[in-house]
Each structure stands twice: as structure tokens, then as C-alpha cells.
Amino acid sequence: PTKAGKGSARTLYKHTGKKPEGKTPQMNALIATVTEAKKTELDSTSFTAQDLVSLAVKKGTLTTGQDPLRIFRFYAKRLVDEGYFAKA
């Protein structure tokens, strides 16, 4: 069940298994974080944007001067449209 009212930060996503193909470094970082995460760190079949960006920052795959969640929101539609993530 997806919680309403918090926008993309609380929307549940799942990784489709598709590998990054020459995308922007920030997009690659988000995809790689899900792909390489251990099941105990992040469940690739059900995660929120908040879970993903906090793990990406913790692992050092996503480094940015901006709010990391803002980076996810910028790429969220494209990640879904291009088949990397799906809304769970």
C-alpha cells in the first residue's frame, strides 16, 4: 500500500533489473545503488525514494551539493519511463 500525501518520498518503487546504459552519472548512481544493495540494506522490490537516496549517499555513489531527494525527484519520471524502476 502506497501512503498518500508525501509525494515521491513515500511512493514505493521496485527495480526492474534493467542495467544503466550510458545515462547521467546521477542516474547511474541511483540505479547502481539499487542493483548493488544487499537485501538487508534495501529491498529492490519495494523501496521509497528516501530509502534509496539515503543509501546512495551513505555508500558514496551519489555525491551532490543539492538535496539528494531533489536529484531523485528530477529523475523519477525518467527512471520509470525508461524501464529502470516501476511503481510498486
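What order do the three strands of the open sheet have, and is their pairing parallel or antiparallel? The views below take that up first, then turn to the helices of this predicted model.

View 1. The three strands run β2-β1-β3, and their pairing is antiparallel. β2 and β3 are the edge strands, since each of them pairs on one side only. As for what holds strands together in general, strands of a sheet pair through backbone hydrogen bonds.

**View 2. Zooming in on β1 and β2.** Two bridges link this antiparallel pair. Look for Leu12, which stands opposite Thr48 in β2.

**View 3. Helix α1 and its buried residues.** With 12 residues, α1 reaches 16 Å from its first C-alpha to its last, close to the 16 Å expected at 1.5 Å a residue. The buried residues here are Met27, Ala29, Leu30, Ile31, Ala32, Thr33 and Val34. They pack against the strands β1, β2 and β3, plus the helices α2 and α3.

**View 4. The buried side of helix α2.** α2 spans residues 49-59, and its buried residues are Ala49, Leu52, Val53, Leu55 and Ala56. Why do these sit on the same side of α2? Because they cover an arc of only 165° around the axis. The cover over these buried residues includes β1 (12-15), α1 (25-36), β2 (47-48), α3 (68-81) and β3 (85-87).

Definitions and conventions
Residues are numbered from 1 along each chain as its sequence is written. This is a predicted model: local features need pLDDT of at least 70, side-chain atom pairs count only at pLDDT 80 or more; totals for chains, interfaces and linings use all residues. Side-chain values use heavy atoms; hydrogens and water are left out. Buried means under 20% relative accessible area, exposed over 50%, partly exposed in between (1.4 Å probe, protein chains only). Helices (H or I, at least four residues) and strands (E, at least two) are DSSP runs, numbered from the N terminus. The arc is that of the directions from the helix axis to the C-beta atoms. Contact means heavy atoms within 4.5 Å. Two strands pair if DSSP finds at least two bridges between them. The expected span of a helix is 1.5 Å times one less than its number of residues.
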